[in-house]
Protein chains: 2
Amino acid sequence: MTDLSPLLAKADESLPQSLERLFELVRIPSISTDPAFKADCQRAAEWLVKELNDLGFTASVRDTPGHPMVVAHHAAASEDAPHALFYGHYDVQPVDPLNLWEDDPFAPAIKEKDGRKVITGRGTSDDKGQLLTFVEACRAYKAVNGSLPVRITVLFEGEEESGSTSLKPFLSANEAELKADFALVCDTSMWDRETPAIAAALRGLVGEEITITAADRDLHSGLFGGAAANPVHILTRILADLHDETGKVTLPGFYEGVEETPSNIKASWDSLGRTAESFLGEVGLSIPSGEKGRSVLELTWARPTAEVNGIIGGYTGEGFKTVIAAKASAKVSFRLVGDQDPAKIRDSFRAYVTSRIPADCSVEFHEHGGSPAIQLSYDSPVLTKAKNALSDEWPKAAVVIGMGGSIPIVGDFQKMLGMDSLLVGFGQVDDRIHSPNEKYDLNSFHKGIRSWIRILDALAKN
Amino acid sequence: MTDLSPLLAKADESLPQSLERLFELVRIPSISTDPAFKADCQRAAEWLVKELNDLGFTASVRDTPGHPMVVAHHAAASEDAPHALFYGHYDVQPVDPLNLWEDDPFAPAIKEKDGRKVITGRGTSDDKGQLLTFVEACRAYKAVNGSLPVRITVLFEGEEESGSTSLKPFLSANEAELKADFALVCDTSMWDRETPAIAAALRGLVGEEITITAADRDLHSGLFGGAAANPVHILTRILADLHDETGKVTLPGFYEGVEETPSNIKASWDSLGRTAESFLGEVGLSIPSGEKGRSVLELTWARPTAEVNGIIGGYTGEGFKTVIAAKASAKVSFRLVGDQDPAKIRDSFRAYVTSRIPADCSVEFHEHGGSPAIQLSYDSPVLTKAKNALSDEWPKAAVVIGMGGSIPIVGDFQKMLGMDSLLVGFGQVDDRIHSPNEKYDLNSFHKGIRSWIRILDALAKN
C-alpha cells in the first residue's frame with residue numbers, strides 16, 4: 001500500500017493557498033444565464049487555464065457559440081495507468097433576490113456558522129469549490145511526486161446552469177480527444193457531514209412551458225365573469241389534475257419504464273435513517289408531499305415527479321384589478337427515472353393539456369430540454385475503489401445512493417463517449433445551491449482535496 | 001307634453017363644442033391608482049368645477065385624504081320639482097400595456113371604426129364621456145330655458161378605479177348636503193346600439209388575496225422534488241376545486257341568499273336574443289364557461305361567481321429554472337347576487353383555503369374590499385319615467401336589465417343616504433373599458449345628451 005501521508009500533509013499545509021485560489025475564482029461572477037456576465041464567464045475559463053498550465057497540464061480555452069470550455073491534459077507517471085476525464089463547471093446560478101443574501105455573493109469569506117467554518121458565496125459549492133478539490137489534489141501530487149498517478153483529461157464547462165447548449169456539439173467534435181476509460185464528476189453531495197456518497201442513479205428531466213389563451217384581450221370580470229373562459233381556471237385545473245389523491249402523476253403512460261427499486265437497495269436506504277422530518281426539516285418542512293407510502297429517499301432518488309416551477313397569469317401587482325386575463329402560463333418539469341422516455345412524456349403531457357383546452361381557447365407549448373434518467377452499475381471496480389478510498393478518509397463508510405437531480409453530462413458521456421461516470425462530491429444538503437446564501441463547508445473543501453488524493457491513488461492500481 | 005325640440009336642437013347644434021369639452025377632459029390623464037398622476041386628478045376636478053360654475057352651478061373642489069370630490073348644486077325652475085343627485089367619476093384606469101394602443105390614450109380623436117364614428121381615448125367611455133352627457137344636457141336647458149327642470153346636486157368622484165377609499169367618509173360627513181330624492185348614475189352600458197338599458201340588479205364583490213408559504217426558501221426541484229411541498233401545487237388544487245364539474249362554486253354556504261331569478265324576468269332576458277356566440281364573440285370566445293344550463297345573461301347578471309384575477313409563483317422569467325417556490329399567491333374575487341353576505345363569503349373562503357393547507361405550510365390572507373349585491377325595484381315611478389323617456393329617444397324601447405359588475409356607490413347611496421339609484425348609461429359592450437383602445441361611440445355621446453334632456457323633463461313631472 002502506498003504511503004499517502006506526504007501527499008495528505010501537503011494538502012493540509014497548503015490549505016490557505018488552496019482557499020485563496022478558490023476565493024479568486026468565486027470573485028468572478030460567471031453567471032451563465034445572463035448575457036451581462038459573458039466576459040466574466042470568459043475570465044473564469046482563462047483563470048482555470050492559467051492554473052492548470054501552471055500545474056503542468058496542457059490547458060486551453062476552447063471557444064463555443066456560448067461560453068467557452070476549458071480542456072486540459074496531463075499524462076500519468078505510468079503508461080499502464082488508467083485515463084480519467086474529470087468534469088466540472090465554472091458557471092454559477094443567478095443571485096436574485098440579492099436582498100436575501102447576508103453577504104456579498106461574489107466576495108467569498110470564511111464564516112463561523114452553526115459551530116462550523118463555511119466558505120460563503122455563489123458557486124462555492126456549485127461547482128467552483130467542488131472542481132477545485134480535484135485540481136488541488138493534483139497540485140499535491142505534483143508538489144510531492146512531480147507526477148500524477150492517473151492520466152487526466154480535464155473538461156470544465158461554462159453553461160451547466162444555462163442548459164449546456166454547447167456541450168453535445170463539443171463532445172461530438174472532440175470525441176477522440178475527450179474519450180477516457182471513465183469520467184469523474186464532482187458536482188454532487190455527501191450523504192451527511194461524516195458520510196461520503198457516490199451517486200449511482202440520477203433522475204432525468206423534461207421541461208415544458210405552456211401558455212393558454214382565452215379571450216383576445218383582458219376582460220372586466222364584472223362584465224364577463226361567469227360566462228367568459230378564464231385561462232387561469234383552465235390552467236389551475238390542468239395543473240391540479242396532474243396528480244391524483246395518492247400523489248401519483250396522472251399522465252397516460254407516465255409510469256412506463258419505471259421499475260420498483262430492488263428491495264435490498266431500498267433496505268440499504270432505509271438503514272440510513274433519513275426520516276421525512278430530518279430531510280425536510282432542513283428547509284422548514286416536515287410532511288412528504290409526493291406519492292404516499294414511500295420514503296423521502298425513494299421519492300427523491302427513485303420516483304418520477306411532475307413539478308410546477310413557475311406560474312403567472314392576470315394581475316399580479318400591488319392592490320387588486322378585477323380582470324379576467326387573456327393569457328396564463330406555467331413552467332412544468334418532470335423528473336424521470338429508469339427507462340422513462342423524455343419524448344414520450346412530453347408528448348403525453350402535451351396531449352393531456354391539449355385535450356383539456358376548451359374549443360374556443362388555445363394553448364402553445366415551448367420546450368425546455370429533456371434528458372433520460374441514468375442508472376450506473378452498483379458493482380463496477382472503479383466504484384468499489386472509490387468507495388474504499390472515501391471510506392478511508394471520512395469518519396463513516398461511503399454509501400452508494402440515488403440522486404434527485406439530473407446531471408445531463410453523465411448521460412452524454414455514456415451515450416456519446418461510451419464512458420461511465422463516477423459521481424463523487426462533497427456538497428452538503430444545507431449548501432443552499434441555487435438559493436441566496438450559498439456556502440461550502442470548509443471541511444468539504446479540505447477533506448475533498450484529501451479524498452481525491454486517495455481516489456486517484458486507488459484508481460491507479462489494478 | 002312639453003315640446004322638447006328646441007332643447008334637442010340645441011344639443012344637436014352644440015355637439016362640436018360638447019365634443020371639444022370632452023376632448024379637454026380626456027386629455028387630462030387622471031389615473032387614480034398611480035400616485036404619479038395625482039396632480040392630474042386634481043386638475044380634472046378643477047376643470048369640472050370651472051365648467052359647472054360657468055353653467056350656473058355652485059361648484060367646488062372638495063379635498064379628501066385621496067383624490068378630491070367635485071360637488072355642485074343647482075336649483076330647479078319649480079319648487080315642486082324633485083331633487084336628483086347625479087354621480088359620475090372623473091378618474092380613469094391605467095393604460096398599460098401602452099404598446100397595445102393604436103392611438104395615444106390621452107390624445108382623443110374622432111375615428112371611423114367598423115362604419116361608425118367613435119371617440120378614442122382612455123376614459124372616453126368610463127366615465128368622462130358618460131358624465132359629460134349629463135352636463136351637456138344641463139347646458140342645453142340653461143341655454144334654451146335659462147333653468148333646470150329638476151333640482152340637481154352633482155357628485156363627481158376621483159377614486160372609482162382605485163377602491164373609492166374616500167367615498168364613504170365623504171358621504172357620511174356630507175349627508176345633509178348630498179341627500180336627494182334619488183340618485184342618477186351614468187356609468188353603465190346600453191343593451192345594444194339601438195336599445196337603451198336601465199340596470200336594476202348589480203352584483204356585489206368580495207376581493208381576497210392569498211399567499212401560501214411552504215419551504216423557508218426556494219428549493220432545487222432535483223434535490224427536493226417529489227418530497228417537498230410545492231406551494232404552486234397547493235394553490236392550483238385549491239383554486240381548481242373552487243368550482244365543481246357543473247361550474248358551481250363549491251364553498252360551503254356560498255349559495256345562501258341566492259334566489260332563482262323570477263321566470264318572467266328570465267323570459268324577458270331570453271327574448272333579447274343574446275346568445276353565447278354573440279355575447280362572447282365580441283371578445284373572441286364562444287362557449288360559456290360558468291354554471292351549466294344557464295344563459296349568458298343570467299350567468300353575468302344574476303349568478304354569483306368565483307374568479308381568479310391573478311396568480312403568481314416560482315420562476316416566471318425567460319427560460320427555465322428548476323425551482324420549487326417558497327411562496328405562491330393569487331388574487332381571487334367573488335361576484336355576489338341577491339342577499340349573499342360579503343363577510344360570510346370571505347369567512348367561508350378563508351376557512352376552505354385554510355383547511356387545505358398542509359400542516360407544515362402556512363397561508364396569509366389580504367382583504368381587497370367587499371360589497372353586497374344591489375336589487376332595485378323593477379316598478380318604481382322614477383324607473384318607469386326614465387324607461388319611457390329613453391324609449392322616445394332611441395330606435396328601440398328601453399329594457400330593464402341586470403349588471404355583472406358592482407357599482408359600490410349604489411349600495412352606499414342606499415345604505416347611507418337612503419336613496420335608490422337610477423342607472424342609465426350609454427356605453428357599448430365593445431368600448432374596451434379597462435383595456436387598451438378604449439372608445440365611446442359618437443352616437444352614444446350625442447344621443448346620451450339628448451336622452452338626459454328627455455329624462456330630466458320626464459322626472460320633473462308628476
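Me: How many residues of domain 1 of chain A are in contact with residues of domain 2 of chain A?

Reply: In this predicted model, 7 residues of domain 1 of chain A are in contact with 9 residues of domain 2 of chain A, where a contact means that the C-beta atoms of two residues, placed from the backbone, lie within 7 Å. The residues on the side of domain 1 of chain A that touches domain 2 of chain A divide into 2 nonpolar, 5 polar and no charged, with Ala, Val, Leu, Ile, Met, Phe, Trp, Tyr, Cys and Pro counted as nonpolar, Asp, Glu, Lys and Arg as charged, and the others, Gly among them, as polar.

Me: How are the residues and chains labelled, and what limits apply to a predicted model?

Reply: Residues are numbered from 1 along each chain as its sequence is written, and chains are lettered from A in the order in which they are written. Because the model is predicted, local features need pLDDT of at least 70 and side-chain atom pairs count only at pLDDT 80 or more, while totals for chains, interfaces and linings use all residues.

Me: Why is A:His434 called buried?

Reply: A residue is buried if 20 or more other C-beta atoms lie within 10 Å of its own, exposed if 12 or fewer, and partly exposed in between, with C-beta atoms placed from the backbone. A:His434 has 23 C-beta neighbours inside 10 Å, and therefore it counts as buried. A:His434 also has a positive phi of about 70 degrees, although it is not a glycine.

Me: What makes H15(A) largely enclosed by the rest of the structure?

Reply: Of the 19 residues of H15(A), 16 are buried, so this helix is largely enclosed by the rest of the structure; helices (H or I, at least four residues) and strands (E, at least two) are DSSP runs, numbered from the N terminus.

Me: How do you know that the length of helix H15 of chain A agrees with what it should span?

Reply: The expected span is 1.5 Å times one less than the number of residues, so the 19 residues of helix H15 (residues 442-460) of chain A should span 27 Å, and the end C-alpha atoms are 28 Å apart, which agrees.

Me: Why does the radius of gyration of chain A agree with that of a compact globule?

Reply: The radius of gyration is taken over C-alpha atoms, and the globule rule is 2.2 Å times the number of residues to the power 0.38. For 462 residues a compact globule would have a value near 23 Å, and chain A has 24 Å, so the two agree.
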